[in-house]
Amino acid sequence: MRRLPIPEDVTGLEIDADVRQELKSLPKTLADDVARNLVMVARLLDSEPEEAYAYSRVALRLASRVAAVREAAGFASYVTERYSEALTEFRASRRMTGRADLWPVMADCERGLGRPERALAMAGEPEVKQLDKAGQVEMRLVAAGARSDMGQLEAAVVTLQSPELASNSVQPWTARLRYAYAEALIAAGREEEARDWFAKAADADPEGLTNAAERLAEIDGLEFVDALAPEHAEDEDEADDAAKDGGPAEDEADAGDDAEDEAEADAGDDAEDEDEEEDEDDEDEADDEPAASEETFLSSPFQEPEAGAEQPAADRKDS
């Protein structure tokens, strides 16, 4: 049997006292090994469910006759959507203990297997009366989900209407119950009412265990931006680089100045070329005519400007 790595800091002390009591039926070395695997299941169930499932199978092979092991294996199968395995393990645990607290999750496994009518039937069984308040609320959530699976959307809304939903006191199940009710209203096309219940769910959920705040913002047309998202960070980096380089506006201004300088240079070159051509023409005419007197030259329209006189400016081309 393949042994999975277990960190040295993992001890059986992290599991509940009731589970440790159950493990006392095993030899001490075996009990310690099983306990350490159960601790890994508990540690990884939310963050790495597939890893948790693997540890649960090891514990199951070591001690399949311990109810706590069967229950842990059931939850590991449940969160990885192995509903048939989960149902088998939950049933085994229930037979060993006689407890009814797994009844709601067993009914939800029936939903996962595509049998919502069985889940709905379980909601009417005597075992439900044995559940505590949290278990009864959970059973109501499963029953409403089964109604939705069967296309009975208004019936799902009615199923969730209960004293627990109407209560103003905040209990561990309050946020989930209000959130489920809001989702049922959305499915039934009652968006305005759903918005109020998403707001109530968000008020009862300061730790953000549901995404009620996001659903409320979605209805209001708002959008959440994750400042830590890679694409958002890239946009900020590009903006910073642009600011360091002078920004797009400065780049455009620099480009405009360069174009203007180039146009002026071209215009100046053209003017110099024209002057050279005129000078060459004047020299040719001077060769054909007799030399003019100083008086004639000074009154000529081609006379050379005096020192310091302002020359005509070259025409500029707009860039």
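1. The lining of the second largest pocket divides into nine nonpolar, two polar and seven charged residues. Here Ala, Val, Leu, Ile, Met, Phe, Trp, Tyr, Cys and Pro count as nonpolar, Asp, Glu, Lys and Arg as charged, and the others, Gly among them, as polar. The model is predicted: local features need pLDDT of at least 70 and side-chain atom pairs count only at pLDDT 80 or more, while totals for chains, interfaces and linings use all residues. Residues are numbered from 1 along each chain as its sequence is written, and side-chain values use heavy atoms, with hydrogens and water left out.

2. The lining of this pocket comprises 18 residues, and Tyr78, Asp108, Glu138, Leu141 and Arg176 lie nearest the centre. Two or more lining residues come from each of helix H4 (67–79), helix H6 (103–112), helix H8 (133–149) and helix H11 (174–187). The space in the pocket is about 550 Å³. A pocket is an open set of points on a 1 Å grid over the protein atoms alone, where a 1.4 Å probe fits, with protein on both sides within 12 Å along at least five of seven lines; lining residues have an atom within 4 Å of a point. Grid points are joined across faces, edges and corners, and the volume is the space filled by probe spheres set on the points.

3. The protein chain as a whole has 16 helices and zero strands. These are DSSP runs numbered from the N terminus (helices H or I, at least four residues; strands E, at least two). Of the 319 residues in the chain, 32% are buried; buried means under 20% relative accessible area, exposed over 50%, and partly exposed in between (1.4 Å probe, protein chains only). Of the contacts with a separation of 6 or more, 52% are between residues 24 or more positions apart, a contact being heavy atoms within 4.5 Å.

4. H6 supplies lining residues to the pocket and is mostly covered, with eight of its ten residues buried. They are Trp103, Pro104, Val105, Met106, Ala107, Asp108, Cys109 and Glu110. The packing partners of these buried residues are H4, H5, H7 and H8. Just after H6, Gly114 has a positive phi of about 80°.

5. H8 has 17 residues and spans 24 Å from first to last C-alpha, close to the 24 Å expected at 1.5 Å a residue; the expected span is 1.5 Å times one less than the number of residues. Its buried residues are Gly135, Val137, Met139, Leu141, Val142, Ala143, Ala144, Gly145 and Ala146. Leu141 is also among the residues nearest the pocket centre. The buried residues of H8 pack against H6, helix H7 (116–122), helix H9 (153–160), helix H10 (163–166) and H11. Gly151, which follows H8, has a positive phi near 80°.

6. Helix H5 (residues 83–97) has 15 residues and reaches 21 Å between its end C-alpha atoms, close to the 21 Å expected at 1.5 Å a residue. Tyr83, Ala86, Leu87, Glu89, Phe90, Ala92 and Ser93 are its buried residues, and what covers them includes helix H3 (49–62), H4 and H6. Gly98 follows H5 with a positive phi near 80°.

7. Which residues does Glu89 touch, not counting those up to four places away in sequence? They are Arg57, Leu60, Arg70, Ala73 and Gly74. Glu89 lies in helix H5 and counts as buried because its relative accessible area is 6%.

8. The whole structure holds four aromatic pairs. Rings of Phe, Tyr and Trp (its six-membered ring) pair if their centres lie within 6.5 Å; planes under 30 degrees apart count as stacked, over 60 as edge-to-face and the rest as tilted. One of the pairs joins Tyr78 and Tyr83 edge-to-face, at 6.0 Å centre to centre and 70° between the planes. Tyr78 is partly exposed, as its relative accessible area is 22%.

9. Tyr179 and Phe198 form another edge-to-face pair, with 5.5 Å centre to centre and 65° between the planes. The pair links distant parts of the chain, with Tyr179 in helix H11 and Phe198 in helix H12, 19 residues apart. Both residues are buried.

10. Phe198 belongs to helix H12 (residues 191–203) and is counted as buried because its relative accessibility is 0%. Leaving out residues up to four places away in sequence, Phe198 touches Tyr179, Ala182, Glu183, Ile186, Ala212, Arg215, Leu216 and Ile219.
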